Amino acid sequence: MNRNTLEVRHLSAAFFTDRGTVKAVEDVCLTVPEGSIAGVVGESGCGKSVTARCIMGLIRAPGRITGGEILLAGWDLLRLPEKERCALRGSELSMIFQEPMTSLNPVTRVGKQVEETVRLHERVSGKEARRRVLEMLEAVGISEAEKRYDCYPHQLS
């Protein structure tokens, strides 16, 4: 039986400002089957980032979700308490932001930043976290993972 990892059903979101309401996304539907990878493409300003932020639970005032459902492995993310949604981020649900250079701390080595996430979500020792980070770097094709672990963000392309 095929199971969907992520289902977005009729998602709508808007920004409510003093100057009026801006509909950012309207009636977005997206299904990602288990074991699949999906990409979202479109023109600048079409709502890709807002959609992703809604899925992650990262849309903030004055923006808000105005309708729809977001299901992750059957869990309705919009009905989960924030603490539970937060626990899913980084372990079950992740996002690579458009500007990765602003997502990483420029004065902290890349390996330590990734290691922090591993330790937070997997509750492993520092040695085990480092081992996992090196595996991840190799898995995504970063050569000389040991060396790259100690690089600063600006030293990687």
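**Getting to know this predicted chain**

The chain has 6 helices and 4 strands, where helices (H or I, at least four residues) and strands (E, at least two) are DSSP runs numbered from the N terminus. This is a predicted model, in which local features need pLDDT of at least 70, side-chain atom pairs count only at pLDDT 80 or more, and totals for chains, interfaces and linings use all residues. Residues are numbered from 1 along each chain as its sequence is written, and side-chain values use heavy atoms, leaving out hydrogens and water.

Q: Why is Arg85 said to have no salt bridge?
A: A salt bridge needs a side-chain nitrogen of Lys or Arg within 4 Å of a carboxyl oxygen of Asp or Glu. For Arg85, the nearest side chain of opposite charge, Glu82, is 5.0 Å away, so there is no salt bridge.

Q: What makes a group of residues a nonpolar core, and which residues have the most contacts inside the largest one?
A: Such a core is a set of buried (under 20% relative accessible area, 1.4 Å probe, protein chains only) Ala, Val, Leu, Ile, Met, Phe, Trp, Tyr and Cys residues joined through side-chain atoms within 4.5 Å. The largest has 16 residues, with Cys54 and Ile70 making the most contacts inside it. Strands E1, E2 and E3 and helix H1 each supply at least two of its residues. Apart from it lies another core of 8 residues, including Val118 and Leu137.

Definitions and conventions: Buried < 20%, exposed > 50% of the residue type's maximum accessible area, 1.4 Å probe, protein only. Lys, Arg positive; Asp, Glu negative; His and termini not counted.
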